[in-house]
Amino acid sequence: MIVTRPKAFEVILKELEDAKSVFLVGCGDCATVCQTGGEDQVKEMTEKLTAEGKTVTGNVIMETGCHELDLKKEFRAHKDELEKADAVMVMSCGAGTQSARSGTDKPVFPANDTMFLGNVMRVGQFEEKCRLCGECILDMTGAVCPVTRCHKGILNGPCGGTNEGKCEVDPDKDCAWTLIYQQLEKEGKLSKMKEYQPPKNWNPELKPGRIVLEREKGGE
Amino acid sequence: MSVETVWKELNIKHAHPSIEEVLASGKFLVSGEIGPPKGPDVEEVIEHIDLLKDKVHAMNITDNQSSVMRYPSLATALMILERGGEPNLQITCRDRNRMSLENELLFAYTRGVRSVLCLTGDSVPVGDHKDAKSVFDLESVQLLNMIRGMEEGMDLGGNEMNAPVKFFKGAIVTPEAHPIEPQLIKFEKKVEAGAQWIQTQAIYDMDNFAEFMKTARQYPVKLQAGLVLLTSAGMAKYMNANVPGVTVPQDLIDEMAASEKGKAIDTGIKIMARHIKRIREENLADGVHIMAIGKEGVVPRILEEAELDINAL
């Protein structure tokens, strides 16, 4: 789940200062769960922009905002509404906003800030557990990620800031290394924690990432 | 060209034995600490260096301590050498990636720095540049291991350097962390990664420290007890509430609180002197690291009350 947070409405108005008319793009996937780009929020945004004197020419809620092929199809289906708009406002993540970028030549603006890849803990509560580092070491750490869940992302045990199992930068957050210790102890595998973790390769995939699956020969 | 020749060419002199030499001689290692200033006016630092240079074996120089941007630790280390003291360079992984750590160490080595204290570094948001990007490309264990590689003439990219470096490598441990077991695993990893001596985080509970040392003595490293000067009962309470891994016992807080008005620092000096004496008498550690945090002026008094004169050891 890509977790997003809505930008302040004043910021959105500033983004749209040169646009009298706007086409809105929502996302039926992550942004719907995050309540930043689902049907309700698109409707609400339409009302607020209208109240500010903008014309909302139409909207589309993408099934998945980051699927560029689908987006291009949807944009073709909403060609007239898009044509009438001075700008496109995307209520999705940064990936969704850039999908829209590839689907139109109109100015495209983000309605949200994109925060992290989050696990859904319960409705409206998200926690970051994977930082997409490209070189998974969860096998060594009792399936608790220190790269992500330790504030400093350190690999060889807790720092001195660990405090009764909590992190010094935020007492509401668990110290990842305490969790790792407790889990490995349960498994009888503390030897894994004692093993030296070498410096990480931060470039397992050159940024920006690009992966193309090889098609099977003779396949469709 | 050997590093000794480089030092000679650059007119770098060591007025004191290195930390390695002090410990090897079996002497009780006494170090102080210099906190670089916030800005380019180094007047006070120079005063502190001159005050401490012949009273302690070495001076730690903090590295953007508490993630507060300050005058550089290495520049201060060089100033200590220039004024006839012995620096112990603290180097953290918070603000530098591996390449930057390596060339900082090369710089330090050719300019006469002989010991480095390898730290991960505090978190960025606890400091005064809260929006800064944290680096933490490496952490303390990997930093120690990297230096060991450089001592074999290799950089961390696996490339041969034109000569090896040599440092006496230090690390820290937090004896009062809760839970302690994960800290002990890390302590062991630091030793395995090449740490040759250890300074502890501030300790106040001597019984607890004695207990910790039973474990620590099993490792082939010398260890200095870290002592932070208490300046008021309020400061002690603040540390208990806000500094993880530091616990000031209630009886010390009471002792501070019972000080005559304006004389709390005298009580703090008395407490630290008492702790130093006990550490020496009971051979609890191989030395002490005195952190006066801005009150460096009183360090000579602490040493006097503790009856600790490095020139008489």
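**Figure 1. Packing around helix α4 of chain B in the predicted model.** The buried residues of α4(B) pack against β1, α3 (43-52), β2, β3 (87-92) and α5 (98-110) of chain B. The model shown here and in the views that follow is predicted. Helix α4 covers residues 73-82 of chain B, and 7 of its 10 residues are buried, so the helix is largely enclosed by the rest of the structure. The buried positions in α4(B) are B:S73, B:L74, B:T76, B:A77, B:L78, B:I80 and B:L81. Just after α4(B), B:G84 adopts a positive phi of about 90 degrees.

**Figure 2. The barrel of chain B.** In chain B, 8 strands close into a barrel with parallel pairing, in the order β1-β2-β3-β4-β5-β6-β7-β8. Averaged over this sheet, neighbouring strands are turned by 25 degrees against each other, direction ignored. One of the pairs joins strand β1 (residues 29-34) of chain B to strand β2 (residues 58-61) of chain B, in the parallel sense and over 4 bridges. Within this pair, B:I61 in β2(B) is the residue opposite B:I34. Two of the strands, β1 and β2 of chain B, are also among the elements against which the buried residues of α4(B) pack.

**Figure 3. Helices α6 and α7 of chain B.** Helix α6 spans residues 140-151 of chain B and helix α7 spans residues 181-192 of chain B; their axes come within 9 Å and cross at roughly 10 degrees. Angles under 35 degrees count as roughly parallel, and α6(B) and α7(B) are therefore roughly parallel to each other. On the α6(B) side the residues that meet the partner helix are B:S140, B:V141 and B:L144, and on the α7(B) side they are B:K186, B:K189 and B:K190.

**Figure 4. The side of chain B that touches chain A.** Contacts between the chains involve 30 residues of chain B and 25 residues of chain A. Helices α6 and α7 of chain B each supply at least two residues of the side of chain B that touches chain A. The largest share of that side comes from α7(B), with 8 residues.

**Figure 5. Surroundings of B:K214.** B:K214 lies in helix α8 (residues 206-216) of chain B. Exposure is assigned at 12 or fewer C-beta neighbours; B:K214 has 8 inside 10 Å and therefore counts as exposed. B:L284 is 70 residues from B:K214 along the chain, and the C-alpha atoms of the two are separated by 9.0 Å.

**Figure 6. Strand β2 of chain A and its partner strands.** Strand β2 (residues 21-27) of chain A is mostly covered, with 6 of its 7 residues buried. β2(A) runs parallel to strand β3 (residues 55-62) of chain A and is joined to it by 7 bridges. A:V22 has A:V56 as its bridge partner in β3(A). β2(A) is also parallel to strand β4 (residues 87-90) of chain A, with 4 bridges between them. Here the bridge partner of A:L24 is A:M89 in β4(A).

**Figure 7. The open sheet β1-β6-β7 of chain A.** This open sheet has 3 strands in the order β1-β6-β7 (chain A), and the pairing is antiparallel. β1 (2-6) and β7 (125-128) of chain A stand at the edges with a single partner strand each, so one side of each lacks a neighbour in the sheet. Neighbouring strands of the sheet are turned by 65 degrees against each other on average, direction ignored. Strand β6 (residues 112-122) of chain A is connected to β7(A) by 4 bridges, and the two run antiparallel. In this pair A:N119 has A:E127 in β7(A) as its bridge partner.

**Figure 8. Domains and overall dimensions of chain A.** Chain A is divided into domain 1 (2-115) and domain 2 (132-194). The centres of these domains of chain A, taken over C-alpha atoms, are separated by 38 Å. The C-alpha trace of chain A spans about 65 × 55 × 25 Å along its principal axes. Chain A has a radius of gyration of 22 Å, whereas a compact globule of 220 residues would have one near 17 Å. Its secondary structure comes to 9 helices and 9 strands. Of the 220 residues of chain A, 38% count as buried. Among contacts in chain A with a separation of 6 or more, 61% are between residues 24 or more positions apart.

Note on methods: Residues numbered from 1 in each chain as written. Chains lettered and ligands numbered in written order. Predicted model: local features only at pLDDT ≥ 70, side-chain atom pairs only at ≥ 80, totals over all residues. Buried ≥ 20, exposed ≤ 12 C-beta atoms within 10 Å, placed from the backbone. Pairing = 2+ DSSP bridges. Rg over C-alpha atoms; globule rule 2.2 N^0.38 Å. Contact = placed C-beta atoms within 7 Å. Domains from an automatic or database assignment. Axes fitted to C-alpha atoms, helices over the stretch in contact; angles between N-to-C directions. Parallel < 35°, antiparallel > 145°, perpendicular 65-115°, else oblique.
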